[in-house]
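The following exercises are to be worked through with the sequence and the coordinates at hand. Each task is followed by a stepwise solution.

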Amino acid sequence: MNLRLLSSAILFVLVGSVAVGETMGGRGPLINTVNPPALVIGKETTIQLEGRNLDRATHLLLPFMAKVRRSAGGVESIRFVVSVPETVESGVYPVRVYGPSGVSNLRLICVGQDRVIQTRAAGNGRYRGGRIDLASALAIEWPCRVAGGRLSQDIDLFRVSVRAGQRLVFSTQTRQLGLTPDPVIRLRDARGRTLALVHDTPTLRKDERLDYTFKQAGEYFVELQSFGVAGWTNHYVLKIGPHEYARTVYPLGGRRGKLIDVSVVGRDGRVASRKVRVPSDAARDRWRMPLPGHPGSLPWSMASGSLPERHEKRMRVGGSVEVPVADWPVTINGRIDEAGEEDRFRLAVRPGQVIRAQVAAWYLGSALDGLLMAWDPVGETLLATGDDLRYRANVDPGLEFTVPPGVSSVVLSLRDTLDRGGIEFPYRLTIEPGGPDFFLWMGRRQNPFENSGWERMDANDTVTVPQGGQVTVRITARRNIKGRKPDDGYYKGPVRGFDGKIRLVASELPAGVTAVSGEIAAGETAGEITFRATRDAVTLAPFSVAVFGEATRRDGTRLRRVAERMLFLSDPQMTHMPWQWRSQKLVGVVVPQEDRR
Amino acid sequence: MIRVACLVCVLAGPVVAADPAGSVSFTNDVMPVLGKAGCNSGACHGHNSGKAGFKLSLRGYDLRADFTALVDPDSGRVEREDPADSLILQMPTAQLEHGGGKRFEVGSESYRVLLEWIRQGAKSDVGTATKLERIDVHPAVFEHVRIPQVETLKVTAHFEDGRQRDVTRLAIYEVSTEGVVDVDRTGRVVSRRTGETAVLVRFLNKKTLSKGLVVRRKKRFSWAAAPQHNFIDRHVDDKLKKIQVLPSSVCTDAEFLRRASLDICGVPPDPDEVTAFLKETSADRRARKIDELLSREDFGDVWAMRWLELSGTNESGDSARFKGVWTLSLWLRRAINTNLPYDRLVRELVAGKGSSIHNPAITFTVNQLKRVETVPQLFLGIRLQCAECHDHPFDVWTQANYRSMTEFFGQLGSKEGPIDAYGREIRRFVKPESRVPWKAKDRVELVHLDGSRVSVPVASDRRDALVDWMFGPGRRLTARAIVNRVWGRMLGRGIVHPVDDMRFSNPPVNEPLLAALADDLVAHRWDLKHLVRTIARSRTYQQSSIPNESNRNEHDNFSHAALRRLSAEQLADSVSRATGIDEPYRVGPPGLRAVHVPYVAAGSKLLRLFGRPTERASACECVRSPDTTLPQVMHLLNSEELWKKIRAAGGTVERLSGKHAEAGGLVTALYLAVLSRPPSREESETGTRYLATSRTRREGAEDLAWALLNSPEFLFNH
């Protein structure tokens, strides 16, 4: 080793306690799979986690209180016995592990009432000469959740017995759990004839639900097939039982801290109303609403905002009739009730005003593929079209435009791109002043085509701080400044163009942990924020912390954006769409200094 | 030079121009000369890049461009000051070196037309010349009963002002079927062999046909009436009588069952089915079997695969991906098996709405092929491709037709929905710009292929108007295209052949039959199962493939069944069924039939060798060759995969060897398993002897199975 290299090595050892957040995955634990990805309420379940650096992962991190025991462990595999108390709501929850080497990436696990049947790793069904071999089916008793493994080229086949008139729901939980399979459910009779087949159930985003009432008693066969043929995460959960489920909810969110009336529409169209308080957490704009009366559904993904809210339904005059919106900024909750319907909102505006309108629907479980347009009704001019009609990721449209001279009112119109409509087409439309803006990412930039194959184990939303030491976390800005090469050419939405300095600050820090504010210099896209732990900071006590980017526009208005991370858990090639989980807080842990060697 | 030219003119007499006043028209006189001389053909100056710096539009479809090229003052092609020095006179007469050789003589009529046009100032009358309305040829139909026999065609041009002109010497002649007749530049037709042909006659942008039949009349021919099962046989017999050919007799029940099973379900019958059918004695057993075969899901599998392939749908990243291919395949199977009427099927495929995931029919047009070309080719039998760049040389379609067709798909938008490595969702919608309120009342005028016009709202989906026409005013074309395609698939040859090339210059061999089938389909509300049933029930379909003395050399008029090599999927599935061992495919669960694997990348050498396309890059039926090749034969003879299947534990040979203690029974069982028929007495005896002399009976059975699998009877649908 020459002198220069030697000095570099010494320097590295000296600053060894300073780590960059996104590289933590290299030394900290990483989870690849959780099997079964299901826990039973009120019961004890053993789960096996596979991944990297798991030998020092001593704890399981769940967002609810549970009795957890580590039963076995190695570098690439670890087991925990989890006992979920009766008070926990059914749903999908993030799970991580942590220990002296840090906190891991996130995986998802479903918690429910039904027992879990684990099947063997290989498929148990088969075809012969093009015909299904019913003798190869595995008999199961419902209600249950089948936790299957490695659904790939093969099929899995299950036999169920029913009485006449029995209704059963067969539903998969794969993509909702961040797993690879893109399932197809086929129901066959005792002669192998197809009774029903589902793929791409609307609003479930690649998960399936087959609701079937059997006219005759007897044995029937459920065949499961998948299109996601790659990767290790091709496990699945198949839920079978006479479950009630929710088709849709309205509205899709509310103002932070407010009590809202939510209508939950069941499978048969019956509406159940309930009052729900919207979480007041300023760092999050999504929350999950449990659906206790609909055990066949996972908790509904809802939005939270800070603007006043209005309900389009309550002020509607009729189909395709313009509704005046006197006061804005506002978030309007509405629904495209019928095929071909267009909801129109007339705004009083001033020339030169910059208006931003953004729809939230698809990620909130609506079937709407919105087409948002802004036009000048007097001059008959189209001002902006709020959907890039080619870009795959712009499922929810947004637009921003400057009111032209001489225009005193504009109409915003929203319709389904494919002219569909109905109860499953609710939306939220936020109208607010626009202007230069930015997004913040935790860790490196999230560009669909630049991520490597390991983002399934994306630990960029974690921070591990050594006791008495510090760690630096990279924060990336997407600015897409006009006239420059876009830093994300695939984003076509309205949030863009801010070129000034962004100050990075953290909130909700636990005792013993401090943050040194950093910044992203004007025009730059990367910056850092440093977290420090005192020598007496409590170790191995997980915490979560939000990082905000604060900035001031040239006109003096202030911006405050939270750093987030969209997690693509299923497949690296799925980074185009859709993400399965959005982290808006870093999950951290302080670790003993000696364990950061 | 001037003196020579004048002398030529004096000697040759006055120019015959279309115009009675004697003025030579660029459009109606000069262009026919250039066309007749071949100047604007694809091999000469009509080539895409021209020849020797001189480019004309192919076959004169662009008169303005041609005029500009001719009179280019720097080119010397036209010398108004000294007409005879013009290159367009000196080159084709070989007075100067000309790569295309001598095209006409100095002083010929062609020479005089060009010379006079230049003398008169070489003016353009493009757009103002008297419009040519049509051309007629006489005779429009000719029949030669001797070889050789001579016919002289006469071509008359009809102009819009009522004038007629004999353009026989200026017209261009081409024959559709080589070798039946010869035709020279003057329209003189000489028959060379028996058969049918059509002479395509072109003058300017108009075309017409003279259809010819050459048949040696037999003095002692007498028609032996064969049973007629339905109207098909009547029309076929009418034609056979005309050409003095007797149909073959009806095939055996075993041949019928195998043929119908392969054609309708894509696989041969299993042995139990053969045995049961051969025991039946009822008169309607074949009709009932056809109905039974049509009720099987296999019917949809077979036709779904065909449509999928022709649509160009594949699993590549830019196309539908695995899920798109699979969902479309599933949709097609269901549509075909539930007998969705053809008009609705086509409407869904051509004008499908919404998302490809929830309406997989949309995926039909999500491929690398051009909809404006594939839709006419698949559903109308019209090949518009040529007309993208120039007017079709052998058909009536022009660039204007191509542009009009494009308009039907023009305002359609599409975007991708959520996507992953295995599935790509496509959403189709009308573009938003045409949907703002102040445009709601605007309308756009579209032109159909027959020239009719339709006005549709600017915000409507124009594809609906196209499908309305296809099953309304254009239904004759649509019906003829599909019945011809189905007929071709079931009889090995279309009434128009190739089946998807129903061009003007490629007339049907039996027009009444094609028309009757089309009318019947329309009368039965586009019921495709009815069409297949009608064809399969006909005597014509059920004829033996063994020819008689009379029809030995007749292959076009359905006088006997055609021998057809099994398609790749039929062969793979037949081998699997015969051996009892499934072919492994790269994608999809094991145990599927070849026809159930809708992807291009099936990963089967056997499928690839026997013609399953390795890419779906064309809507042409010709992507699959029916020919037998040496590698195919060598594969069957030497394939280790085939040999392993024959010898496999749990396979047919092992199973039958254990089941049949007596050699004769084993031979019979093997014949039924492989050839779908019992052996003849001689075959049974030979087989039994072979088993007796084999080292072990199992080994002998394996050899016998291998020999049967390599027999032409197994490889062909007969």
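**Exercise 1.** In β4(A), identify the bridge partner of Ile31(A), and then decide whether β2(A) is largely enclosed.

*Solution.* The model is predicted.
Step 1. Ile31(A) has Gly51(A) as its bridge partner in β4(A).
Step 2. Strand β2 of chain A covers residues 30–35, and strand β4 of chain A covers residues 44–52. These two strands pair in the antiparallel sense, over 5 bridges.
Step 3. A residue is buried if 20 or more other C-beta atoms lie within 10 Å of its own. Of the 6 residues of β2(A), 5 are buried, so the strand is largely enclosed by the rest of the structure.

**Exercise 2.** Determine which residues of α5(B) are buried, and describe what follows the helix.

*Solution.*
Step 1. Helix α5 of chain B comprises residues 109–119.
Step 2. Its buried residues are Ser110(B), Tyr111(B), Arg112(B), Val113(B), Leu114(B), Leu115(B), Glu116(B), Trp117(B) and Ile118(B).
Step 3. Because 9 of the 11 residues of α5(B) are buried, the helix is largely enclosed by the rest of the structure.
Step 4. Gly121(B) follows α5(B), and its phi is positive, near 105°.

**Exercise 3.** Characterise chain B as a whole by its secondary structure, burial, contacts and extent.

*Solution.*
Step 1. Chain B contains 27 helices and 17 strands.
Step 2. The chain has 718 residues, of which 49% count as buried.
Step 3. Among its contacts between residues at least 6 apart in sequence, 62% join residues at least 24 apart.
Step 4. Along the principal axes, the C-alpha atoms of chain B fill a box of roughly 105 × 75 × 45 Å.

Terms used: Residues numbered from 1 in each chain as written. Chains lettered and ligands numbered in written order. Predicted model: local features only at pLDDT ≥ 70, side-chain atom pairs only at ≥ 80, totals over all residues. Buried ≥ 20, exposed ≤ 12 C-beta atoms within 10 Å, placed from the backbone. Helix = DSSP H or I, 4+ residues; strand = E, 2+ residues; numbered from the N terminus. Contact = placed C-beta atoms within 7 Å. Pairing = 2+ DSSP bridges.
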